[in-house]
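Reader: Could you take me through a model feature by feature, giving the general idea each time and then the case at hand?

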Amino acid sequence: MKKGINFLQVGDQVDHYLLIKSAKKGIASNGKPFLTLQMSDKTGEIEAKLWAISPEDEATFKSSIVVHTEGEIQDFRGMRQLKIKAIRPTTSMDQVSMRDFMPSAPRDPAEMVEQITQYIFEMKNPKIQRITRHLFKKHQKAFTEYPAATKNHHEFVSGLAYHVVCMLDLSKSIAALYPSLDKDLLYAGVILHDLGKVKELSGPLDAQYTIEGKLLGHISIMVTEVEEAANELDIQGEEVLVLKHLILSHHGKEEWGSPKRPIIKEAEMLHMIDNIDAKMNMMDRTLERVMPGEFSERIFPMENRSFYKPSFHDDPLDI
């Protein structure tokens, strides 16, 4: 079976249909224009370069189209890169659908919604439960479709929901080990902390930052949403203030984008759980295409480290 793009190694030949997620024009040192293409299939994505392009090429090879590509996987500064030898747009004769090339969460969206709903149902504090349920219901459709980011972690269809479900399960285990934690606060923080990304990002395909996202960001957006929900539901009390603090502090440090550092126990745990799940996703997706006994490509958001896969690990699946 032909391997998906995520599992191709340096030196492998490419003869694949791929989705162009984004296309950016640049000028090479020789003065000739080129395109940097971010290309994907169901298994993942890869950067490619299309050199010495014509105006026709620039108009043809743009985001959100499927192309047939021939080329070779090469190494570029410790990262895989696709060297394109031939590329053409698909036609009706190719019988391909764009959705067949969009990486997505490994779990069914409806099942994830059901699981999150169950966590909300288990909340004991009525104020926290009502605000969380209200905002989750308000944004449920987009929440089940959107990625959690434009790059680095959970940057795939339904990635936001998958990120939250994984964090909720992790929160439940941690709360069982440390019963002094307020589970209602922790669960609500997990569900709400990134919900503003349904306004910060443009959608599940070729996610870009919206004007609101660029000017405000998902943290500020969600703090406002919590305030508006509390007013609409006629809810007052310290719970509203604490929920806003969890959202404001979940990035952990000012230099990482948090307006405030965590100064509530559950806020500190939320930051750590968020960090664990994001980094595990980055490492798993990178290492799944690495053979045992070899090093991965560098993971830029993890201090540009290259991770080793011990030789006694199982071989990656042939997809």
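**Reading burial, helices, strands and salt bridges**

Author: His271 is buried, with a relative accessible area of 13%, and the cut-off behind that word is a relative accessible area under 20%. Please keep in mind throughout that this is a predicted model. His271 has its place in helix H11, residues 265-287.

Reader: Which residues is His271 in contact with, leaving aside its neighbours within four places in sequence?

Author: Contact here means heavy atoms within 4.5 Å. With those neighbours set aside, His271 is in contact with Ser249, His250, His251, Gly252, Trp256 and Pro262.

Reader: Is Ile128 buried or exposed?

Author: Ile128, which lies in helix H3, counts as buried at 2% relative accessibility. Apart from neighbours within four places in sequence, Ile128 is in contact with Met123, Asp184, Leu185, Ala188, Glu239 and Leu243.

Reader: How should I read a helix, and what span does H2 reach from its first C-alpha to its last?

Author: Helix H2, residues 109-121, has 13 residues and reaches 18 Å from its first C-alpha to its last, close to the 18 Å expected at 1.5 Å a residue. Its buried residues are Met112, Val113, Gln115, Ile116, Tyr119 and Ile120. These cover an arc of only 165 degrees around the axis, which puts them on the same side of H2.

Reader: What do the buried residues of H2 pack against, and which exposed residues does the face turned away from them carry?

Author: The buried residues of H2 pack against helix H3 (126-138), helix H4 (140-145), helix H5 (159-177) and helix H6 (183-192). On the face turned away from the buried side, H2 carries the exposed residues Ala110, Glu114 and Phe121. The start of the helix deserves a separate look: there, a side-chain oxygen of Asp108 reaches to within 3.1 Å of the backbone nitrogen of Ala110.

Reader: Which residues of H9 are buried, and what covers them?

Author: The buried residues of H9 are Gly217, His218, Ile219, Ile221, Met222, Val223, Glu225, Val226, Ala229 and Ala230. What covers them includes H3, H6, helix H7 (197-200), helix H8 (211-215) and helix H10 (238-249). H9 is followed by Asp234, whose phi is positive, near 60 degrees.

Reader: Turning to strands, in what sense do E1 and E2 pair, and over how many bridges?

Author: For strands, one reads the sense of the pairing, the bridges, and then the residues between the strands. E1 and strand E2 (residues 33-41) pair in the antiparallel sense over eight bridges, and Gly26 stands opposite Phe34 in E2. The hairpin of E1 and E2 has five residues between the strands, and in it Gly31 takes a positive phi near 85 degrees. E1 also pairs with strand E4 (residues 65-76), in the antiparallel sense and over eight bridges, where the bridge partner of Tyr17 in E4 is His68.

Reader: How many bridges join E6 to E7?

Author: Three bridges join strand E6 (residues 295-299) to strand E7 (residues 305-308), and the two strands run antiparallel. Phe295 stands opposite Tyr308 in E7. In the hairpin of E6 and E7, which has five residues between the strands, Glu303 takes a positive phi near 55 degrees.

Reader: Are Lys197 and Asp194 buried or exposed?

Author: Lys197 is buried at a relative accessible area of 8%, and Asp194 is buried at 2%; their side chains meet in a salt bridge at 3.5 Å, N to O. The side chains of Glu303 and Arg305 also meet in a salt bridge, at 2.6 Å, N to O, where Glu303 is exposed with a relative accessible area of 54% and Arg305 counts as partly exposed at 37%. Elsewhere, salt bridges that share partners join Lys138, Lys199 and Glu225 into one network.

Conventions: Residues are numbered from 1 along each chain as its sequence is written. This is a predicted model: local features need pLDDT of at least 70, side-chain atom pairs count only at pLDDT 80 or more; totals for chains, interfaces and linings use all residues. Side-chain values use heavy atoms; hydrogens and water are left out. Helices (H or I, at least four residues) and strands (E, at least two) are DSSP runs, numbered from the N terminus. The expected span of a helix is 1.5 Å times one less than its number of residues. Buried means under 20% relative accessible area, exposed over 50%, partly exposed in between (1.4 Å probe, protein chains only). The arc is that of the directions from the helix axis to the C-beta atoms. A polar contact is a pair of N or O atoms within 3.5 Å; within protein, one must be able to donate a hydrogen and the other to accept it, and residues adjacent in sequence count only if both atoms are side-chain atoms. Two strands pair if DSSP finds at least two bridges between them. A salt bridge is a side-chain nitrogen of Lys or Arg within 4 Å of a carboxyl oxygen of Asp or Glu.
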